[in-house]
Amino acid sequence: MKKVIVLGANGQLGKTIKDYSPSEVIKFHFFSRNDLDIVNKNSLKAIFKDSGFKYCINCAAYTDVEGAETNTEDAFLINAEGAKNIAEVCNTYHVKLIHISTDYVFDGKKNKPYTVTDQTNPINQYGKSKLQGELFIQEQLKPHYIIRTSWLYSLHGKNFLKTIINKIEDDASLNITTEQEGTPTSCIDLADFIIHLIDKDSIPYGIYNFSANGNTTWYGFAKEVAKNYNSKKTDSIKPSGVFKTLAKRPKYSVFDLSKTERIYKEINTWQKSVENIVKAYKG
Ligand SMILES: NC(=O)C1=CN([C@@H]2O[C@H](COP(=O)(O)OP(=O)(O)OC[C@H]3O[C@@H](n4cnc5c(N)ncnc54)[C@H](OP(=O)(O)O)[C@@H]3O)[C@@H](O)[C@H]2O)C=CC1
Ligand SMILES: Cc1cn([C@H]2C[C@H](O)[C@@H](COP(=O)(O)OP(=O)(O)O[C@H]3O[C@@H](C)C(=O)[C@@H](O)[C@H]3O)O2)c(=O)[nH]c1=O
């Protein structure tokens, strides 16, 4: 049995990994923010020391993109210093780290899919704090996987897919931006990839992109959710050129998945994964 610690276990990705366990070969140990604050290095050390953990999955993060523009210090404390603390304890106690990062490390000026070697240049504070976290990990720890993912959704917590379903339920009319192109990603698909890395235990370290296949806009994503949830309500979703926000967001953040698919398998299309999750939501 491989012992695996999951940090930030009460977030949507952490909870999705919990849905996956128990596994016959992996013994997960879940720690929410209340159980273990990644900003507190001494608490991390106390839990990691003599633990026998083989892998650490870091799902803990400050994910409020708008909030990070004003609470910038908190975003950096968690996404950068927190990641550094984890990398340091992983290094001390010989634990391999699987860390989750974001498409928002890019400025979105490209018009073809981002590879893992493309130049980063975040344009908002959340993206800057996540990039700093990546850099700290690369400096501190060799055995690491940094998985860049995008537009996560699941049955848990707060996410765009659930926001759209709730608005449809409230009979609200929605204006959704067509200004960003990217790829919605199901936490279930991402959890499966993370578990694949641990199962194989021999995949080269480094950065991997992970999203569904294909691309759309937030408007296209919302339409697809409505189509699957209640096709009579698709007309309530309208395209909008501008949706005013505090944080800038990359106009284009589609990933090149070729490196990932070489060590994994062909990934679902985003439409297929949306269909699956809406089906699960409806029970
Ligand atoms: N959501 C998305 O669309 C995307 C997310 N990502 C990345 O994926 C990862 C998982 O995101 P997701 O599950 O959506 O995020 P969530 O916001 O759902 O979960 C993050 C979790 O981290 C916890 N947390 C915050 N601060 C600390 C801390 N100091 N110590 C321990 N735990 C802490 C939060 O606890 P609490 O709620 O109590 O504050 C929360 O439970 C993150 O690294 C995120 O940056 C990447 C691309 C897209
Ligand atoms: C609710 C709403 C949002 N929008 C826009 C705002 C924004 O540009 C886009 C998505 O809104 P959100 O606030 O859900 O998305 P945002 O917080 O930008 O989501 C990001 O989260 C972080 C954590 C990531 O790492 C990214 O990959 C990405 O998923 O849709 C509308 O146009 N209309 C609406 O009614």
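**Figure 1. Surroundings of Y229 in the predicted model.** Leaving aside neighbours within four places in sequence, Y229 is in contact with I165, I168, E169, V278, Y281 and K282. The structure shown here, as in every figure below, is a predicted model. Y229 belongs to helix α8, which covers residues 218-229. Its relative accessibility is 15%, and Y229 therefore counts as buried, since buried means under 20% relative accessible area. Y229 and K279 are separated by 50 residues in sequence, yet their C-alpha atoms are 7.9 Å apart in space.

**Figure 2. Surroundings of T183 in a loop.** T183 is placed in the loop between strands β8 (181-182) and β9 (185-186). With a relative accessibility of 1%, T183 counts as buried. Residues up to four places away in sequence are not counted in the following list: T183 touches S150, W151, S211, A212, N213, G214, N215, V254 and W270.

**Figure 3. The shell of residues around ligand 1.** Ligand 1 is surrounded by 24 residues, of which R33, D37, T63, Y126 and K130 are the closest. By class, this shell divides into 12 nonpolar, nine polar and three charged residues. At least two residues of the shell are supplied by each of α1 (12-20), β4 (96-102) and α5 (125-140). The largest share, three residues, comes from β4.

**Figure 4. Polar atoms beside ligand 1.** In the side chain of D37, a polar atom lies 2.8 Å from a nitrogen atom of ligand 1. The backbone also takes part in this view: an N or O atom of the I38 backbone is 3.0 Å from a nitrogen atom of ligand 1, and a backbone N or O atom of I100 is 3.2 Å from an oxygen atom of the ligand. On its own, ligand 1 has 900 Å² of accessible area, and the protein covers 81% of it.

**Figure 5. The shell of residues around ligand 2.** Around ligand 2 there are 17 residues, and T102, D103, Y104, Q180 and R249 come nearest. The shell contains nine nonpolar, six polar and two charged residues. Strand β7 (residues 174-177) contributes the largest share, four residues.

**Figure 6. Polar atoms beside ligand 2.** A polar side-chain atom of R249 is 2.5 Å from an oxygen atom of ligand 2. For Y104, an N or O atom in the side chain lies 2.7 Å from an oxygen atom of the ligand. W151 presents a polar backbone atom, 3.1 Å from an oxygen atom of ligand 2. Taken alone, ligand 2 exposes 710 Å², of which the protein buries 80%.

How values were computed. Residues numbered from 1 in each chain as written. Chains lettered and ligands numbered in written order. Predicted model: local features only at pLDDT ≥ 70, side-chain atom pairs only at ≥ 80, totals over all residues. Heavy atoms only, no water. Near = heavy atom within 4 Å. Polar contact = N/O pair within 3.5 Å; in protein donor to acceptor, adjacent residues only side chain to side chain. Areas by Shrake-Rupley, 256 points an atom, 1.4 Å probe, with all protein chains shown as cover. Nonpolar A, V, L, I, M, F, W, Y, C, P; charged D, E, K, R; others polar. Buried < 20%, exposed > 50% of the residue type's maximum accessible area, 1.4 Å probe, protein only. Contact = heavy atoms within 4.5 Å.
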